[in-house]
Every structure is written in C-alpha cells, then in structure tokens.
Amino acid sequence: MLYNHRPVKRTTFFLTTVLLLATLARLRSTGAQDRPAGSDYLSPELRQAVERLKREAAVQPTDTSNAVERGKILWDWINAYSLTGGPVPVNATQQLAAVFALDAGERENLPPSQGQSLPKAIDALIYEFRIKDEKPAALPAVSLSTRGPLPASSYQTIQQTITVGDMPFQHGAVILIGKQIMSDSSIFQNREPKADNYLSVRTSRPGARFTPISAPLSGMHGGFRGTADMPAFRLEGTLSKADTVTITYGDRVFGSRGMRLQTFANDRVLLPVYVDPEANGIFLTPVWPGFAVEGNQASAVRLIAPSVVKTGEAFELAIRAEDNLWNRARGQLPASTLTLNGNPLRELPARSDAVTVIRDLKIDRPGTYRIRMQSTGGTLSGESNPIWVEDSPSRRIYWGETHAHSGMAEGQGSIDGFYRYGRDDARLDFLGLSEHDIWLDDNEWRQMQEAVRRYTEPGRFIAFLGYEWTAQRTSGGHHNVFFRDPDKKRVPVAKAWTLSLLYQGLRSIYSPRDVLIIPHAHQAGDWRRNDPDLERLVEIMSMHGTFEWFGNYYLKRGYDTGFVAASDDHRTRPGLSGAGNSPTLAQFGGLVAVSAAEKTAPAIFDALRDRATCAVTSADRILLDVNLNSTRPGRRAAFNRDRRMQVRVSGTAPLDRMDIIRNGDIVHTRRFASSALASNSRVEISFESDSEPYIRDNPRGYRTWRGTLELVGGRIVRVHANFDNRHSEFARIDAQNPNLIQFSTATRGRADILELDMEGVSASSEIRLELLETIESGVSPPSVRPMATIPASSIKLPFSQLREGLLIEQIPLGLHTDSVSMQVVGADTPMDAAFEWVEQGQTRPGDYYYVRVRQRNGARAWSSPIWVGGEPAR
C-alpha cells in the first residue's frame, strides 16, 4: 500500500521514488539463491520471471511502457504467495485488475484514476512482496490483549502489541491505524485523550517516542472509494528486532470512556495496522489477529421451522434468542411454553443456550400451523413461520441466501463464521458465499472451495461455491456467479472486464448446466443483455433496497428470468441480516425459497436454474404457492386465451394485499386489511418511495421521511413503527403533545409503516404531516442522475376521503412518484388466504404473470413469473 505522509508534490514523489529504488537495490543482494532446495512456493518458470522483475524494478521505476508486463508477473506472484498463507495486502488484486484490460487495449473500460495509479501501485507491491519473498521474518508480529468475546456496543480497552521483526524501524517510520469499513464502531482518534476512542502509543525502546499524526488512507480500511484521514504515529528514534510498540485502543488513563465496539456480533473483528519501517511512504501488511464480539441480553425470540412437513414425520424447531439488534443473545433465558395453533405443545425449562433446537416434533393432521412461544412472566414471545403439513408432499420448500460476504473482501468475519451463522442462526437450507472477485486471491478461493466441501451435509445443509463478478455499472454491473460443485475456478473481472467476456469465459470452460449467474440492481446489471443458459435469475431485493422494476426490465425484453431476494450482508450474517448502520445497506436482508424434491446440492441447484423460486423481504418466510393453467412459476404454459390462476399464501404477519402482475402491470388486487372507520380504530400510515431509475443507471437512492405526524380530532393511544432499520429510524410521541409523533425513516422501493391506535376519531378527523427537507442517499457510483434534494412539504390526510378504508396521496418528484397512504385496518386480518382468478380472451402469446404479496408489517413476497405461450429466449 502506497501512501505519502504529506500532500503529494513533485519533489515528494521524486524522493519517494528515489527511496524505493534505493531500497530495492539494497534488497537485490539477497534473495532466492539462499532459499533451501525444494522449499520454493513458485514454479521454476515463475521464479525466473519474478527474479527478473526484481532486478529490473530495482533500477527502473514502472511506467506505462512496462506496467502491463510487470503487472501480469506480479499477479501470478501474489496469487502463488497467497497459497503459502502469508498476508496479502487487501487492495492488491484490485490494484492489478487494470492490467489485463490494458493488455487487451481496453483502456476505455477503466476509470481514469485506475490506469494512472497503476505504475506506482505496481512498484509498491514489488517492494512489499520482495521483502516477504526474501525476508519472511522481516515484518513485525502483531498480537492483541484479548480475543473476546466482548459485548456489542460496549466500551472497551484493547492493547495491540507490535513486535519488530528482522526489518528495523528507521527514524521517521510510521504506524498507520486502519478501520474495517463495515464496522460501525466509533472512529478512532489520537488527539483528544479525554474523548471516546482515544489511541495512545508507547514503545519498549528507551529514548524512542512516537508523535501522533494523521494520514490519508484509501480502500476498505480507510476511505474505500476515496481517501480518509486516519490516525497514525511517526517514530522519533529507531527500533530494532524484538522491540515492541503497544497501541492502546480506548485508553482510559485521561478520562476517556474507552473504545465503543460495533453494534453487531462477529467472530473475527480486526484492528488493521500498517507499518512503514523504512519511512519511504510504502505501508506493509503484517498478519492481523482478530477478536470476537457477542450480543447482549435477549429482547426477542425467533422461531424457525421447516415450511413443508409430511404428516407424522419428525421435524426440527429452532428457537433463537436475540438482542435488540438481532444478535444472538447471551445470558439466562426463562422457562417458556410452546403452543401449536393455540393448543399446548411443550414446556421448556430455563436455559442458557441462545439457540435451542427441538428435534422430535410431529404433527398428525394436514393443515397450516404456527408454533408460538411465551416465556414465564411474558417477557419473551414469538411465533414461527407457517408450516404446511401435507400427507404426501411431492416437493419441499428450502430457504437460502445467494448474496452475502465475509471478511475476505471489504466485509468482516471468517468463512467458518459465515457458514456457521447461516446454518445455525439463520437456519438456512442452502447458502453460497459470493465474495467480491476483485479482492480475491487464489488462497481465498481455495479456502472457499474447502469450506463448501466441509459444510455441505446432504439432508441438513448445502453450501455452494460462488463469487461476485464486480464490474462497475458501465461495464455490465455486479453479477453473482454460482457453480454446481466446488471444483470450479473463477473467471474474475480482472480477466473478464465486461459482461460479454464473463459469459464467454464461463462458457469456454464449463457446461451451462453447471453455472448460474444472478445480476443485481444496486450496481445495476445490464438488463439489455442476458445469456439465457447462464443468467436465469434476477435479484430484486437486498439490504440496498427493493427493486422489483429490475426484474421487469429483464422480463419486458423477453428474457426468461425468475426472482430471488438476498441480503448482500458484509458482516458474516447471511440469511438473517438485520439492517446495518450504513447509508446503503439499510434494509433487513431478504431470502429466496426454492421448491425442490430433496435437500441435496444437485436438486437445489437444478431448482434454482429452473426458476422454481419465490423471493421474500426481511427474512420473512412467507409461503406462496401459485400455478397458472396448471403450470408452476419459472415455467412456460402452452398458449391459451383463457388464464386460470390459483394462489395460496400463508404469511408471517397479517396480510395487507395481493397483486397479480401481467407484463409489469397490476391486473388484479385483493385486499385483506382495510376496514370501515370506527370511533376506536387502528390506522396505518405508510411511506413508500420509488427506486426505479427509468434510464440506464443505478437505482434511485433512499428517500428519508423525517418530520411530524399530528392527529386532529381524536386521541393517539399507541404508536408502533414497522420500520426496517433500528439503528437510525424512530417514531416517538412528543412530550408536550400526545397527538404529535416525531418520526424518521428511509425507504428505497419498499414501504415503512406507522401503526396508530386511536380513540374518538370520526370522518371529520385528519392526519397532518409536516415533512422536512431531505436529500436522497445511498446511490453507488457511478451514477447518471445526481441525488435529489426533496423539498419540505405539508400533507393532509382527511378521514372523510377514505374509500373502502384507504387513502393514497401521491407525491411526484421528477420521473418518480412516491406516496403516503392511510389505511384503517381490521382486528381480524387473516394470515392465510387462497383464491382462484380467471382472465379470459387474451390474445398475446408470451405474456408473463407473477404474484406479489404484501403484509401489514411491510414485508413482501414475489413468485417467479409464469409465461403463457410464446417462445423462450435462446
């Protein structure tokens, strides 16, 4: 990692280059000739190329004339070194991604800054890997005073000790403190000893001392898409082998409360520290140990059961205790009672395990069931997902996650923690780690392959090998790639930098039946292109937002694609991904359900490729069974002018509405919640924003709804917020006016809902909203449309204008239409529904239909499309 301690000037760059060349020349006298025979991690051919590269780099800096040749050798060198298990700089493979596009003459597909910075990055990487190649003990060892677990959100003091290795620290050496960008712990600082998150430093070497400074750092431990000033320390004096430097995070000596930890549990939190021992502006990456963060006291329980069970067969029920931010809880749990559809089922004793699994439950009669838990004293309660019990189920419903990350890229946590969480906490049936290829090296890919083999257990849990092809929108957008088995190799964006090259690269080495590509919207996949044999599903919802339009963009162009939802979580929390404290990952993650005959890798992979899927938001395991002219979702029915659709749904909360969509438009709506106004009524206020871009662009960003809600004519007795993000969203009754609610929430394609219990309301009552000016947020670059400023506004919702218990106020903003709605809801809203719908006299072959369900808690579900007649894309 290259960094200049001061603002870059020509003289600074010149001196940095001179220092680098001098260092490389000094290192040239030692090297591969001293390595024991048979111990080389490089092949003879690559060793020869690497030694030539070292010699040439020691006398001539990299420039545009030699960057490609050097970069290709360096790519192979770094990946070979990674297989030794040694530390690879987090941004190394990303920095070299430009090499292969430049080699093919594709400079226009690169951001200008990437090509311009490449020569300097190559020289810095040659410098670092020469040290690691020739002097394996040169870099310091790093240790921590604790490995945890430590409670989330708590204030702590942690000491990080750096023990100098064979490479001494020169006068002016710098230690730079990074921070994992996905951690929402407080920002470290080294200037105010009494303030939170204060960093102090000391060394064992008498006479040496460190001066606190700040330094710009880019990448996943700094500014990510730019640079950010991070705390650093400059050495005055020198350090020799075995000298130590101790950095205290959250030093309390001067009155600081300590370092505030992140809000979410994780098995491997890092405190990244970079060292520049020779004061030449190049920071080196040592091995970083991690520590664990755990959850807090239980505030809720989550019950997860299979969705389809055969009459009389034993099945598992998992009960997970959670704290207020969805972490696995710690501490003693009270005794509790289980009921099945209101009937006594089992008594559970007090226990200390946060996850309880009951393995011998049976249900003897067909039907729809839910299991409820109530703790003694009523402090904890929860209800399971619906269970369909059938005498002879031909297919089962399996739940999975197709878009999530660990700490191998810009995320956090170990690969083992990733799969354990998905299997044991989220209770997924299948899971694929879709790590960003732009940051993957060969050792990480090998670890991913080994993890798939290690965690796959047919009948219990299935792991899939995959990665995220990480191209910018202008080159095709992000796509997740999955393989049927774990023996495959990736076709990374570094070598396939456009979507066409990705299709071509995968087809050239694999049968299409062994590959599945899933584009997603936040770095928008190019809906103008599709490989019908590879790209058979589209992600329409994640923690970035809800993007149903994205699926329709593909379908309206004649592509046969089904729907999935996922999380894109980067915190090793796949399948149960609570909204993050982040401007973009601000929704609760989704899931995909597949209909398959058995829980094996071949059966589930085939079902995914066959589009036998349903997408749900918020990890709500809504059951949706749809057929059209006896054809299930993902398939094409024979042409018929008459279309008969049968729908069955079982929700995880009371149902609000169900829409049947034909060719992107609603053709039938069935409402379940609306009720007539009474003096004492429950009213829902829904805030919904449009996320569609309408042009070739990334989605519109989050709209923040912030302001006050006042009831005029009546009294508010209770308010409950069905908001998706507990970190930043709130609704509270004003201390001075009990009929005034202050609120803030943000939506991107979904609805957030305020539920109000009212007394004394009538047709003359009204809701008055005062919305403050806000600015859209959370759009990933590059984008065409700038984020808009949304003006302040006043909205009145008169109860006299309710029609069948509903009033919708549309809010135009350019091409977009947002809305605020008011709905009076009944006390007996159903959670289950089944109906038949008939449409006659249709003449257009190739029409597609799907069903969308919305619950009163804001959660949604979509079936994959069913086509009637027409011809599939080939």
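**Close-up views of a predicted model**

**Figure 1. A nonpolar surface patch is formed by Tyr694, Ile695, Val784 and Leu815.** Together, these residues of the predicted model have about 380 Å² of accessible area. One of them, Tyr694, lies in the loop that runs between strand 39 (681-688) and strand 40 (703-712). Is Tyr694 buried, partly exposed or exposed? Its relative accessible area is 37%; buried means under 20% and exposed over 50%, so Tyr694 counts as partly exposed.

**Figure 2. Three strands make up an open sheet in the order 2-13-11.** The pairing in this sheet is mixed. Strand 2 (150-151) and strand 11 (266-270) are the edge strands; each has a single partner strand, so one side of each has no neighbour in the sheet.

**Figure 3. Strand 11 pairs with strand 13 in the antiparallel sense.** Strand 13 covers residues 290-294, and three bridges connect the two strands. Which residue of strand 13 is the bridge partner of Leu270? The partner is Gly290.

**Figure 4. An open sheet of four strands has the order 7-8-5-12.** Its pairing is antiparallel. At the edges stand strand 7 (209-219) and strand 12 (273-276), each of which pairs on one side only. On average, neighbouring strands of this sheet are turned by 25° against each other, with direction ignored.

**Figure 5. Strand 5 and strand 8 run antiparallel and are joined by three bridges.** Strand 5 comprises residues 174-177, and strand 8 comprises residues 224-236. Val174 has Arg234 in strand 8 as its bridge partner.

Figure 6. Taken along the principal axes, the box filled by the C-alpha atoms is roughly 85 × 65 × 55 Å. How does the radius of gyration relate to that of a compact globule, and what is its value? For 874 residues, a compact globule would have a radius of gyration near 29 Å; the protein has 29 Å, so the value agrees with that expectation. Of the 874 residues, 61% are buried.

Note on methods. Residues numbered from 1 in each chain as written. Predicted model: local features only at pLDDT ≥ 70, side-chain atom pairs only at ≥ 80, totals over all residues. Heavy atoms only, no water. Pairing = 2+ DSSP bridges. Patch = residues over 30% accessible without salt bridge, like charges linked within 9 Å, V, L, I, M, F, W, Y side chains within 5 Å. Areas by Shrake-Rupley, 256 points an atom, 1.4 Å probe, with all protein chains shown as cover. Salt bridge = Lys/Arg side-chain N within 4 Å of Asp/Glu carboxyl O. Buried < 20%, exposed > 50% of the residue type's maximum accessible area, 1.4 Å probe, protein only. Axes fitted to C-alpha atoms, helices over the stretch in contact; angles between N-to-C directions. Rg over C-alpha atoms; globule rule 2.2 N^0.38 Å.
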